[in-house]
Amino acid sequence: MLRRSVLTAALALALLPAVAVAEERTITVASTTSTLDSGLFGHILPIFEAKTGIKVRVVAQGTGQALDTGRRGDADVVFVHARAQELKFVEEGFATKRLPVMYNDFVIVGPAADPAGIAGSKDVAAALKTIAEKKVPFVSRGDKSGTHLAEVALWKVAGLDLAAIRGEWYREVGQGMGAALNTAGAMGAYTLSDRATWIAFKNKGDLKIAVEGDKRLFNQYGVMLVNPAKFPTVKVADGQAFIDWLVSAEGQGVISTYQIEGKQLFFPNAGDPNA
Amino acid sequence: MDGGATLTTMTASLIRAVDPAFLGIVLISLKVTLTAVGCAGLVGFPLGAALALGRFPGRSLLIVVTNAFMGLPPVVAGLAVFLLLSRSGPFGGLGLLFTPGAMMVAQFVLVLPIIVALTRQTIEDLWLEYRDQLTSMGADRLRAIPTLLWDARFSLVTTLLAGLGRASAEVGAILIVGGNIAGFTRTMTTAIALETSKGDLPLALGLGAVLMSLTFAINGLAYAVSRLGARYAG
């Protein structure tokens, strides 16, 4: 008897958070490691939450995984950076609309000693060719994240067939951006990073930016509400409120004020119809 | 970086980290782990004892399975719970994914086999010791379960601690089912994983030290309580 009542109490305690959740206004946003690791969400969410009373719960994953989280109906909003994949998501009917939010760019970082001799270059294709020719260690995310997809596309732009040229020098870590940077630093390898994570990253050690400023290194972020017709559990009103705020003048302004060491990390461009 | 400098940076990072957000992380960790281990104990002790004393077909197989599941990789347990609790999964309607409840379920799954297996061994040994006495008092195997569990209570504390160790140390399962959401499902271990990936290694190391201190404290407390209890029980 006693045991049963203890068990009931324990179960009730276990389920308490789930019950409490239902009373609060919350949305779940599947986003990328770059938006979280760079500290952007820490900057913008308190402002949004204070204004609307809607609490935003961010699950940070690679873009591919975040889109899959949306596809399973486990998030209300998906906020990622791989335009082609986002458009596919809309095409599949998992969202009805994709809105551009902001951009920054990718950079190739590598050891300060620059074993490939590419430092200072503005030509990412040539730099990747050199890395491949010299077989200098290169760390790939290898996790279907937005950055990984961008990297794979850049090898193609360089006219290289990754499947044919890859060897021991090409190291897929299958982890987030920060973990990949830690690995590159420890191995003396090059890697492709989004600039925001790079600036916010605290274990730079011997790593430095080698290649930047090529317009092919452009990195666009987009946001989508998961289609409630697919998943009735999607919190339409609150999710849409978050999206509307992100692309509003106020939200865009807040994004543009996020800086680390005087450097702006994300550049709002919700008004750009081609983004 | 030499040892002294590391220690200084670590301490500085910790002081920075000791704010409400940090306390929240500790509380979430404790809530999730203690609930999971508590529930696993409530279910696992009787199950383990029943497995020790019961005689039924397939018992040996069940014992082997339980023992094997002590080695269940957290990431596999996490994935299974994730698929079950996903909105597209069979229990999606509960809306538990990415909540502390999901993390409790995952840790319960991880801890239960340990408690069942260790309890079974303890009770089986005890039964061999007291079988004659208990049967002469007219108790059959099933009726002996509460008596034996009570008699073994101090050994079972260690069983519970083994489960607690498993739960508080793991990151693979709760990262998948909890989503490491700030202020909601971020625990000590997932925070350590996050700070490592942000490259803030001193803070990650500092959080690790706090986690270890907590584990020491809980184990010390459990040891003291069981020693006192054993002395009192004579």
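Is the crossing of helix 2 of chain B and helix 6 of chain B left-handed or right-handed? In this predicted model, the crossing of these two helices of chain B turns out to be right-handed. Helix 2 of chain B covers residues 20–53 and helix 6 of chain B covers residues 144–151. The two pack at an angle of about 115°, and their axes sit 10 Å apart. On one side of the contact, helix 2 of chain B brings in Phe45(B), Pro46(B), Ala49(B), Ala50(B) and Leu53(B). Helix 6 of chain B answers with Ala144(B), Ile145(B), Leu148(B) and Leu149(B). Sorted by class, that contact holds nine nonpolar residues, with no polar and no charged ones.

Stepping back to chain B as a whole, its secondary structure amounts to 10 helices and zero strands. Read from the N terminus on, the elements simply go α-α-α-α-α-α-α-α-α-α. The C-alpha trace of chain B spans about 65 × 50 × 30 Å along its principal axes. Chain B has 234 residues, and buried ones make up 43% of them. As for its contacts with a separation of 6 or more, 79% are between residues 24 or more positions apart.

Another helix pair in chain B is worth a look. Helix 5 of chain B (residues 100–136) packs with helix 7 of chain B (residues 153–169) at an angle of about 155°, with the axes 9 Å apart. An angle over 145° counts as roughly antiparallel, so that is how helix 5 of chain B and helix 7 of chain B lie relative to each other. Their crossing is right-handed. From helix 5 of chain B, the residues that meet helix 7 of chain B include Gln107(B), Leu110(B), Val111(B), Ile114(B) and Leu118(B). Among their partners in helix 7 of chain B are Ser155(B), Leu156(B), Thr159(B), Gly163(B) and Arg166(B). By class, this contact has eight nonpolar, six polar and one charged residues.

Helix 5 of chain B also has a kink to show: it bends by about 65° at Tyr130(B). Just after this helix, Gly138(B) takes a positive phi of about 90°.

Asn180(B), with a phi of about 55°, is one of them. Asn180(B) is found in the loop between helix 8 (172–178) and helix 9 (188–197) of chain B. Is Asn180(B) buried or exposed? There are 23 C-beta neighbours inside 10 Å of Asn180(B), so this residue counts as buried. Over in chain A, Glu261(A) has a positive phi of about 50° and is not a glycine either. Glu261(A) belongs to the loop between strand 10 (259–260) and strand 11 (263–264) of chain A. This residue counts as exposed, because Glu261(A) has 6 C-beta neighbours inside 10 Å.

That leaves the place where the two chains meet. The contact draws 29 residues from chain A and 26 residues from chain B. On the side of chain A that touches chain B, helix 1 (2–23), strand 2 (55–61) and helix 9 (177–187) of chain A each supply at least two residues. Helix 1 of chain A gives the most to this side, with nine residues. The residues on that side of chain A divide into 17 nonpolar, seven polar and five charged.

Methods:
Residues numbered from 1 in each chain as written. Chains lettered and ligands numbered in written order. Predicted model: local features only at pLDDT ≥ 70, side-chain atom pairs only at ≥ 80, totals over all residues. Contact = placed C-beta atoms within 7 Å. Helix = DSSP H or I, 4+ residues; strand = E, 2+ residues; numbered from the N terminus. Nonpolar A, V, L, I, M, F, W, Y, C, P; charged D, E, K, R; others polar. Axes fitted to C-alpha atoms, helices over the stretch in contact; angles between N-to-C directions. Left-handed = near helix turned anticlockwise from the far one by under 90°. Buried ≥ 20, exposed ≤ 12 C-beta atoms within 10 Å, placed from the backbone. Parallel < 35°, antiparallel > 145°, perpendicular 65-115°, else oblique. Bend = angle between axes of the 7 residues up to and from the residue.
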